[in-house]
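Thanks for passing this one over. Here are my notes, in the order I would read them beside the model.

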Amino acid sequence: MADGGGSGRGPSCPGAAAVLRRWEQLWRRAAVTAPWARGLLAVAAGLGLFYVVLRVPLRLRDGLAAATVFLGTLTPKFYFALTVTSSFISGLIFVFEWWYFQKYGTSFIEQFSVSHLRPLIGGVENSPPTPAAFSAGENETSRQNMPECKVWRNPLNLFRGAEYSRYMWVTGKEPLTYYDMNLSAQDHQNFFTCDTDALRPSDTVMQKAWRERNPQARIKAAYQALELNNDCATAYVLLAEEEATTIVDAEKYFKQALKAGEMIYRKSQNCHSQSPQHEAQLRRDTNVLVYVKRRLAMCARKLGRIREAVKMMRDLMKEFPLLSMLNIHENLLEALLELQAYADVQAVLAKYDDISLPKSAAICYTAALLKARAVSERFSPETASKRGLSTAEINAVEAIHRAVEFNPHVPKYLLEMKSLVLPPEHILKRGDSEAVAYAFFHLQHWKRIEGALNLLHCTWEGTFRMIPYPLEKGHLFYPYPSCTETADRELLPTGLCSFSAMLALLTHQFPELMVIFTKAVLRVLWPVSAPSVLASS
């Protein structure tokens, strides 16, 4: 039933409607007979509302009292059973988390929280970062869309069997983190597999081999693939990377991989237009061929055949110009610096140190090194403070400031204020891992140029007078990303870094005591060979 001026539907609760009608009658009567009665009714309504508000806390207090009585009646057996059950569940979670980390190289709880829980509570997931920081003159839209911390494959990464494993055999320390090796496994699957592998038994075996976590299982699978097909290029690649214990052995395997890879690449070129599957196979075969040629050039560089390495790198860049994202030019820069071919280095920089291209520590610090080379031999801080800086010196200092702004970690490694460790297989642009990788290969080039490190030592800290808050505002690049520390912690072996830094600090502060300590350790660990080791040192 509709009330007098209602909306055409009766109230859902008849009792509530009657109360409201009675209240309206009292309110109108009070307005007519005694205006002061309206105030009394308002006070009564306020007291009623106050009672309703207090009613809920009173019920909560009663519930709390009941819960207290219930907990007081529990026996110690209940608490014991509760403790055992919770400990058992925690142990299961711990075992599962450990197994998941060993298998996939990441925390299941962390991954689940970031992927599923964070979006539910309104968090914003960090997108992967750009290849590098671009010049600050670009438009603001691209800056807002620019992610921060992307991990890149180290263009100068060492060989697993011939270098990383040898270090582990000598020191007993693992030079690579699980996170780093897991990223490499993903790279290998992306580079060396495709959808048509199921059609070839040898490639099927290798597809499983790249997923194996055990190095011996991977090597065994590579030999099985070669038994099925003696021209399996990826099997030779795996053996060169992991089974070869010297660079000479690795080069032999890579030469076999090159012979097989070129033959497969020519076949793929002839039929790549037949179907999308053939196009995917051509991309895979191209990746294999480029990878093998690059590693062969790196073998030649490590074996002292530097001119041959430079020629191989130039030919590779000319043959596959679209693969610049592999940063082969950084390998070329390092080899040219070893030849002291500074004019050729400048030519490479002129092409790749461009405002529109991603930057790296190798690009920025090599440009600074060339500018420093022109003035470092005659540079003196005392003289410069009296007469001022010349134009060439200003250019050198600005280049150093630019490099330090891009990656502020590098100077401490070049000036040997921090101890070097083996570079990881992946690096973070502008991070500590990139600084380690750069200094590991380029420190010798800075030492070769007289006065270059002295100029760096005198000027690099001046960068932070121009940008006192590098996390908030940059000068030539975007502000320094705040996420690098977390990513570098996953890439660099923290225990190894901290132990090396501690030894370096103690040796610097107490050199005589550290010599005595080293002799004592050698006598304990190698009592027979210690005298000869100490004598040779």
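1. A word on ground rules. This is a predicted model, in which local features need pLDDT of at least 70 and side-chain atom pairs count only at pLDDT 80 or more, while totals for chains, interfaces and linings use all residues. Residues are numbered from 1 along each chain as its sequence is written, and side-chain values use heavy atoms, with hydrogens and water left out.

2. Confidence. The mean pLDDT (the predictor's confidence in each residue, from 0 to 100) is 77 for the protein, and 71% of its residues reach 70 or more. Contact here means heavy atoms within 4.5 Å. Where pLDDT is low, the predicted coordinates should not be read in detail.

3. Overall make-up. The protein has 26 helices and two strands; these are DSSP runs, numbered from the N terminus, with helices being H or I of at least four residues and strands E of at least two. Of its 537 residues, 39% count as buried, where buried means under 20% relative accessible area, exposed over 50% and partly exposed in between, with a 1.4 Å probe and protein chains only. Taking contacts between residues at least 6 apart in sequence, 65% join residues at least 24 apart.

4. Helices 8 and 9. How do helix 8 (residues 201–209) and helix 9 (residues 215–228) pack? Their axes lie 8 Å apart at an angle of about 175°; axes are lines fitted to C-alpha atoms over the stretch in contact, and angles run from 0 to 180 degrees between N-to-C directions. The pair is therefore roughly antiparallel, the word for angles over 145 degrees. On the helix 8 side, P201, S202, V205, M206 and A209 meet R218, A221, A222, Q224, A225 and L228 of helix 9. By class, that contact has eight nonpolar, two polar and one charged residues; Ala, Val, Leu, Ile, Met, Phe, Trp, Tyr, Cys and Pro count as nonpolar, Asp, Glu, Lys and Arg as charged, and the others, Gly among them, as polar.

5. F440. This residue sits in helix 20 (residues 432–448) and is partly exposed, at 32% relative accessibility. Beyond its neighbours within four places in sequence, F440 contacts L158, L420, V421, L422 and P423. Y413 is 27 residues from F440 in sequence and 8.5 Å away in space, C-alpha to C-alpha.

6. Cysteines. With a disulfide taken as a pair of cysteine sulfur atoms within 2.5 Å, the count is zero. C364 is buried, at 0% relative accessible area, whereas C458 is partly exposed, at 36%.

Definitions and conventions. Angles under 35 degrees count as roughly parallel, over 145 as roughly antiparallel, 65 to 115 as roughly perpendicular and the rest as oblique.
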